[in-house]
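Please consult the sequence and the structure alongside the points below.

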Amino acid sequence: MGLPVRPAVSATEATRGADIVCTATTASQPVVIGADLSAGMHINAIGANHAHKRELDKEAVAGADVIVVDSVEQSRQEAGDLILAFHGDESCWTGVKRLADVVAGKTGGRTSDSEVTLFKSNGIASWDLAVAMRVYALAQEKGMGRELPIWKDGVPN
């Protein structure tokens with residue numbers, strides 16, 4: 001893809017100056033801290049799906065100008081990044097936006113290039129399955145891909 005890749009010795013080194021940060025850990029303590037955020041950064045936080053785990057510290061969450069989630073209801077139960085940062089302050093949830101609403105244009109996302117955006121995903125299995133089924137159907141329709149031997153006729157081998 002021609003993208004430059006360089007190793008980092010710490011999460012801070014990897015995060016500082018990055019345009020996009022993706023976290024996918026099982027961390028119970030933050031790996032991304034607010035002091036490392038920079039203007040215009042986008043964060044995809046997709047790990048730590050438990051009310052008592054988090055990948056982002058409270059300053060990183062507070063530093064996000066726009067916070068988007070799969071489901072606000074699910075996030076209130078599972079998104080430790082937000083639950084712990086909000087400290088039970090219900091008013092913090094009022095600004096959290098649903099991904100479907102942003103994508104459909106029902107609510108705005110980023111309004112300037114300098115805003116920090118955060119997508120906290122806990123994942124919704126039915127959405128993943130729906131996408132997988134559609135991709136599979138398109139691949140079959142176009143004669144692409146190959147069958148894997150682990151399944152035959154809907155039954156594991």
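Accessible areas here come from the Shrake-Rupley method with a 1.4 Å probe. On that basis, the accessible surface of the protein amounts to about 10,100 Å², with 58% of it belonging to carbon and sulfur atoms. The model is predicted.

**Fold and dimensions**
- The protein contains six helices and seven strands.
- Read from the N terminus, the order of these elements is α-β-β-α-β-α-α-β-α-β-α-β-β.
- Along the principal axes, the C-alpha atoms fill a box of roughly 50 × 40 × 30 Å.

**Burial and contacts**
- The protein has 157 residues, and 32% of them count as buried.
- Of the contacts between residues at least 6 apart in sequence, 63% join residues at least 24 apart.

**Charge**
- The side chains include 15 positive and 20 negative ones.
- The centres of the positive and negative sets lie 4 Å apart.

**Second largest pocket**
- The volume of the second largest pocket is about 260 Å³.
- Its lining consists of Pro-4, Arg-6, Ala-8, Ala-14, Thr-15, Ala-18, Ile-20, Val-21, Cys-22 and Val-32.
- Helix α1 (11-15) and strand β1 (20-23) each supply at least two residues of this lining.
- Strand β1 gives the most to the lining of this pocket, with three residues.

Key. Residues numbered from 1 in each chain as written. Predicted model: local features only at pLDDT ≥ 70, side-chain atom pairs only at ≥ 80, totals over all residues. Heavy atoms only, no water. Helix = DSSP H or I, 4+ residues; strand = E, 2+ residues; numbered from the N terminus. Buried < 20%, exposed > 50% of the residue type's maximum accessible area, 1.4 Å probe, protein only. Contact = heavy atoms within 4.5 Å. Lys, Arg positive; Asp, Glu negative; His and termini not counted. Charge placed at Lys NZ, Arg CZ, Asp CG, Glu CD. 1 Å grid on protein atoms, 1.4 Å probe; cavity = no way out; pocket = protein on both sides within 12 Å on 5 of 7 lines; lining within 4 Å. Points joined across faces, edges and corners; volume = space filled by probe spheres on them.
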